[in-house]
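Welcome! Take a moment with the view below, then read on.

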Amino acid sequence: MKAEQQYIDLFTQCEALVCRKSAEVLNAPRAKAFADFERLGFPTRKDEKYRYTDVDKYFAPDYGLNLNRLEFPVNPYEVFKCDVPNMSTSLYFVVNDSFDKHVHPSAKLPEGVLFGSLKDIAAEHPELVRKYYGKLADTSKDAVTALNTMFAQDGVLMYVPKNTVVERPVQLVNILRADVNFMVNRRILIVLEEGAQARLLVCDHAMDEVNFLSTQVVEVFAGENSVFDLYELEETHNSTVRFNNLYVKQEANSNVLLNGITLHNGTTRNTVEVQLSGRGAEVSLCGMAIADKNEQVDNHTFIDHQVPDCTSNELFKYVLDGQAVGAFAGKVLVREGAQHTSSRQTNRNLCATREARMYTQPQLEIYADDVKCSHGATVGQLDEDALFYMQQRGISLKEARLLLMFAFVNEVVDHIRMDALKDRLHLLVEKRFRGELSKCRGCAICK
Amino acid sequence: MQIEPNKYVKELTQEKYKYGFTTDIHTDIIEKGLNEDVVRLISSRKGEPDWLLEFRLKAFRHWQTMDMPEWAHLNIPDIDYQAISYYADPTAKKKDGPKSVDDIDPELLKTFDKLGIPLEERLALSGMAVDAVMDSVSVKTTFKETLMEKGIIFCSISEAVREHPDLVRKYLGSVVGYRDNFFAALNSAVFSDGSFVYIPKGVRCPMELSTYFRINAANTGQFERTLIVADDDSYVSYLEGCTAPMRDENQLHAAIVEIVVLDRAEVKYSTVQNWYPGDAEGKGGVYNFVTKRGNCKGEGSKLSWTQVETGSAITWKYPSCILSGDNSTAEFYSVAVTNNFQQADTGTKMIHLGKNTRSTIVSKGISAGRSQNSYRGLVRVAEKADNARNYSQCDSLLLGSLCGAHTFPYMDVHNETAVVEHEATTSKISEDQIFYCNQRGISTEDAVGLIVNGYAKEVLNKLPMEFAVEAQKLLSVSLEGSVG
């Protein structure tokens, strides 16, 4: 039996249940998503887009799904103390794919800002959600997005009204919690109206030593002159599989920073598609992966310069140890007439062992002449001369290697526009290299 | 920025495609269509041994199971493989083929003279031996005897099959198997003439070897096959040139070039590709779908590809290197120019298998008019290829706002000691550069020519003298009317 069949059967049997436990707006696109999924099937490695990740293999095993929306007896605030020190954030939790109802008293947001369960807000403000939900995540092009749209019952909505500035960063912690092999389908919808500003930090954690498979579809609408930062930090374990499809649409003069950091994982596939559809829009897309053992990190990015005068900066760095596999495919499309585009893409990779593998595929597709576009990719090792220089100065080889690796990925951390988070990440990265992760201090979850 | 066309360039382009004439000569063309009988017919016309016929038939049967690949960044109209004639022989008058220059039809001689390729040795450029191929047959190979004194075999592949069957049998299909790809299978089934070169151990070939390909007959395809074997410690520099008449129909050219480089040998392969590119409206032109691959089999061997691609309506080729010998080196230098409605999807593959192997890729794309120009390349470092080193640089220059320039590099690294670098930039000629030249009394049109030539210089420098001059001229002609 093909892997997709079990999902087709499940949906056919449980469609009514899925819909009953969700909101009407979320139910609307399910039928089309189902048709698309049946037509597409899971992509194979012959698909250029999924050359480096065998989707079938990850979806084939039997996972439990919480279609009945049973609540987990967990109060995350009591067990989770992993928040970034010295940083005051408004903290929220998603347990598997349900938004946690316990709201922390410290979480205060400016008036008019909505942050909460996608399902609940979709019931309260159906007009608002209908306007945006599923508008970027095209189910006819990607089977994982289609699958997510079929099954997603809840998730998070963030809405920042016109000219509102959310000063305090918002932190969202996704906790994976289950006693059996488990699948979650999460959905995040972010809307920033004209002139709005916000920062969101999303952390992924897994609490139990079972196999997790999570699909997450994130849609970001950045209105004119809006500023938005999205940081994603993954610290799970070796038996999690994560498929994250992030779709961004930017209007004129908006500024978006996307930074995806994979510190600990099993298999991760991040797909990022950014549409620059208003003049003067700017996007910085950064990513970093530190992987060892059998970890696998596959980042697939696509930046679409649709109009003139837009800027994109892309920086991805990988450190691969053990038998880790890294893949990076970045495509930049400059459409006809998108003059004065400036686009830079850099991908640098360190392979530390013979078994580690790196695949990189930077691509430029340009149909306009007055543009400045460049890309660069390297795969290599630490500089022997630098190591020697440091050893001469009494630094042990091991320490010298650590320092250089640390400096190597630091460039990505430096793109973060939140000082406290930057400091915290410096620490986390160092700990990761020293092999002390993923044990956050004082955290009961990570054991 | 409106630039008056360069006078010199204008003169040249008003003749448009200089090589677009046809030769009126009796050509024996077999019936259109492709089936096993056609394959057998080609083989029998060439008087081939059974093993080669078997090879062709195997390839043909395999080809029938394949579909035309669609992954390239090209827009290829459907090709009707039954509407093409697969064998055209312009030397058919003479029964046994020409013995000396005197036996060759004077029309043919005139044609090659007109193309600047004199076939009479006393007239020829010194230091260059030529194998002239028209349609499916090699017309004449010059300096064959002189080369033979050194033990160098330089002849058409049909002749090599007759005279040196062991060598041909040993190496034919050893680098590009008939199952390799759609066009390789097609070529293996119906290939006609091409050149065969064998450089014996320790011999440095004293002159440039070159093959000139000419398509003349209408509604035919050219399926040449070239095989170069450089034995231990030898050296050869090989050039390839090609032209075709101007026609409204598209003509298919699907060649295979195989190169085997043994211990410490060095092969330099240069191409100036100038097939008819079609007219300014994109009508006609040659489809150039070629499989070129070399195997640096020997220890310390070296292979260098240099190509200047200015012609063809569609160019689709990736001259590649398999670096299987330890300490072997490969280079790829390319300038690809597309104008009007031309399309190109070209680049290279460097497969590092041996230890301490090195490869360099320098690719310069220039697109103008409404053309699409893509670089596609693969650098693969296998598990056992310790200390592999690759450097790739792909630059694109855009002249005009309706053209496209694309880069699709792939890097697969399976060994931690490898160092692989890729860099690419896309830009247009900046106004600052033009202004700088203007300040120094250089007119805008000259400045553009200067900048384009300077941009491509890194590659042109790698060409042998005679070709470099021609290539430089070609560059300016191909780009005429596109600057501004």
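Where is the place of A:R335 in chain A? A:R335 lies in the loop that runs between β16 (325–334) and β17 (342–351) of chain A. Please keep in mind that this is a predicted model.

**Around A:R335**
- A:R335 counts as partly exposed because it has 17 C-beta neighbours inside 10 Å.
- Setting aside neighbours within four places in sequence, A:R335 is in contact with A:H305, A:Q306 and A:Y367.
- A:H305 is 30 residues away from A:R335 along the chain, yet their C-alpha atoms are separated by 6.1 Å.

**A pair of helices in chain A**
- Helix α3 (residues 30–40) and helix α8 (residues 143–151) of chain A have axes that come within 8 Å and cross at roughly 145 degrees.
- The crossing of α3(A) past α8(A) is left-handed.
- On the α3(A) side, the residues that meet α8(A) are A:R30, A:A33, A:F34, A:D36, A:F37 and A:L40; their partners in α8(A) are A:A143, A:A146, A:L147, A:T149 and A:M150.
- Sorted by class, this contact of α3(A) with α8(A) has eight nonpolar, one polar and two charged residues.

- In soluble globular proteins, nonpolar side chains tend to be buried together.
- Here the largest nonpolar core has 269 residues, and B:V197 and B:V267 have the most contacts inside it.
- Strand β6 (residues 182–192) of chain A gives the most to this core, with eight residues.
- Not counting residues up to four places away in sequence, B:V197 touches B:I153, B:F154, B:L209, B:I228, B:V229, B:V236 and B:Y238.

Key:
Residues are numbered from 1 along each chain as its sequence is written. Chains are lettered from A and ligands numbered from 1 in the order in which they are written. This is a predicted model: local features need pLDDT of at least 70, side-chain atom pairs count only at pLDDT 80 or more; totals for chains, interfaces and linings use all residues. Axes are lines fitted to C-alpha atoms, for helices over the stretch in contact, and angles run from 0 to 180 degrees between N-to-C directions. Helices (H or I, at least four residues) and strands (E, at least two) are DSSP runs, numbered from the N terminus. A crossing is left-handed if the near helix is turned anticlockwise from the far one by less than a right angle, and right-handed if clockwise. Two residues are in contact if their C-beta atoms, placed from the backbone, lie within 7 Å. Ala, Val, Leu, Ile, Met, Phe, Trp, Tyr, Cys and Pro count as nonpolar, Asp, Glu, Lys and Arg as charged, and the others, Gly among them, as polar. A nonpolar core is a set of buried Ala, Val, Leu, Ile, Met, Phe, Trp, Tyr and Cys residues joined through C-beta atoms within 7 Å. A residue is buried if 20 or more other C-beta atoms lie within 10 Å of its own, exposed if 12 or fewer, and partly exposed in between; C-beta atoms are placed from the backbone.
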